[in-house]
Amino acid sequence: MLSLDDTISAISTPVGDGGIGIVRLSGPQSEAILRRLCRPVRLGRRRPFESHRMFYGHVFDPESAEVIDEVLAVLMRAPTTYTREDVAEIHCHGSIVALNRVLALTLRCGARLAQPGEFTLRAFVNGRIDLAQAEAVLDLIRAKTDAGQRLAMRQLQGALSEHAAEIRSQLITALAHVEASLDFPDDEIPSLDIASALHEVEAQLGRLIEGASKGMVYRNGLRVAIVGRPNVGKSSLLNALLRTDRAIVTHLPGTTRDTLEEMLNLRGVPLVLVDTAGIASSAGLVESLGIERSCRELETADLVILVLDGSQVLQSEDFRIASLIGNKAAIVVVNKMDIPLMAEHERILPELSHICLSALTGVGLNELEEAILAVVFAGGAISSDPLLVSNPRHVDALRRTLDHVSSAAALQSSGAVASIRCDCEDILAFSLRAAVTALGEITGETVGEDVLDAVFAEFCIGK
Ligand SMILES: Nc1nc2c(ncn2[C@@H]2O[C@H](COP(=O)(O)OP(=O)(O)OP(=O)(O)O)[C@@H](O)[C@H]2O)c(=O)[nH]1
Ligand SMILES: [Mg+2]
């Protein structure tokens, strides 16, 4: 476990040339280090080093007196800071050389280089945010679209944490009731309809788990693989969806030899579009390696777009590729509708929606976009969802909670508890306790160090 009583320091802005870059400190020595390194330029009557007030000055090397950079700096005294500790920020010019020199000076003055996510870890340990909110910070940093950003922001503001706490308190009430009747079997315990309380909790958990697939798309993006025979227009379709000439298109079969992926923001839904090499049985070495990758993409994608050349008769290769799709979410695109189409493409995967379009002219592209969104939303849009779980760790905790609650509910409604008493009530209390613990993992009340390490390892240094 990391030490929590020393002062940490890191460059908190991305590496690379920027207008400004920020070195951030947190911990008891922040003020002393800032005072050693920063010489304020007095402007008017405002006092430098006043908490939460920026001042202008210079960072200099205390040993050589060399001026390192011209900066704006701010000291923020605990507890109203990100970490609830004393925090100092030095806003330097953005060059990595200047930033590294200032960082090195803070280390020389007694700070320790922060580990990835350590600022946010301190915010969590000091009780400013819970674990779900800490994870939301990461999602906020990485959000790919407006909708994903809003989702992360809602989680950071505590929407998920509050809902989880509410459900948890319902479980705790039920547990207290069961435990009271275990401990004082002869006393009159005020009656509580445990069965219906548990069913209510089951329904709430079920709704959260159901919405999670949508939430995860907003967080991670939907991986969409464009597959098909050579020369059917896969790369042309990628370009048409992106509205750029990203992939090379030629009239020769086998143009694309490696997979190529690009992000697309489709009305707030982040898509990872993957163009693949055409799948054919006769192929040279390089093509075969490309085809292997195409097949791997087909397996791992969330959604497959199978492209057919509508101007040609179906070929055995089309059927073979279709058979690889299995029961994955998929859409069939019949391309090249600007030239006369063959009418038989319905024979392939007839249960799926078939979209006729022209990647060349763009006709029909809208229908394809609608079909992709329909797969994501299955009916509802994000704004209609009060709360979307988007993190696999949370979904896992919710599933385990639901399992325990369901066993408890089944036991309760079987009537066994009322008739045989003790043993069953013990089991009931055990299941409820396990449910309370599993649900507490979301906000971090009941997680071990290994989980914390795994969560914060995903952050980068300076966050
Ligand atoms: N008429 C017409 N031609 C198209 C259309 N889409 C693609 N093409 C043409 O079909 C040929 C192959 O297009 P690509 O996009 O390279 O096909 P691909 O499926 O990526 O091919 P490989 O990378 O070789 O597997 C090119 O000459 C395109 O101009 C379309 O909608 N209409
Ligand atoms: Mg191609």
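Predicted model: local features only at pLDDT ≥ 70, side-chain atom pairs only at ≥ 80, totals over all residues.
A residue counts as near a molecule if one of its heavy atoms lies within 4 Å of it.

I begin with ligand 1. There are 23 residues around ligand 1, and those that come nearest are Lys234, Ser236, Gly254, Thr255 and Asp338. Two of these residues deserve a further word. Ser236 places a polar side-chain atom 2.5 Å from an oxygen atom of the ligand. Thr255 contributes through its backbone instead, where a polar atom is 2.8 Å from an oxygen atom of ligand 1. Ser358 also takes part, with a polar side-chain atom 3.1 Å from a ligand oxygen. How much of ligand 1 does the protein bury? Taken alone, the ligand exposes 650 Å², and 90% of that is buried by the protein.

My second topic is a pair of helices. In general, two packed helices are described by the angle between their axes and by the distance between those axes. Here, helix α8, residues 234-242, packs with helix α11, residues 365-377, at an angle of about 85 degrees, and the axes are 11 Å apart. Angles of 65 to 115 degrees count as roughly perpendicular, and α8 and α11 are therefore roughly perpendicular to each other. On the α8 side, Leu237, Ala240 and Leu241 make the contact, and they meet Leu365, Leu368 and Glu369 of α11. By class, this contact comprises 5 nonpolar residues, 1 charged residue and no polar ones.

Finally, I turn to the backbone in two loops. Ala78 and Pro79 are joined by a cis peptide bond, with omega about 5 degrees. Pro79 sits in the loop between β5 (67-76) and β6 (87-93). In the loop between β3 (38-40) and β4 (53-60) we find His52. His52 is not a glycine, yet its phi is positive, at about 60 degrees.

Thank you for your attention.

Notes
Residues numbered from 1 in each chain as written. Chains lettered and ligands numbered in written order. Heavy atoms only, no water. Axes fitted to C-alpha atoms, helices over the stretch in contact; angles between N-to-C directions. Helix = DSSP H or I, 4+ residues; strand = E, 2+ residues; numbered from the N terminus. Parallel < 35°, antiparallel > 145°, perpendicular 65-115°, else oblique. Contact = heavy atoms within 4.5 Å. Nonpolar A, V, L, I, M, F, W, Y, C, P; charged D, E, K, R; others polar. Polar contact = N/O pair within 3.5 Å; in protein donor to acceptor, adjacent residues only side chain to side chain. Areas by Shrake-Rupley, 256 points an atom, 1.4 Å probe, with all protein chains shown as cover.
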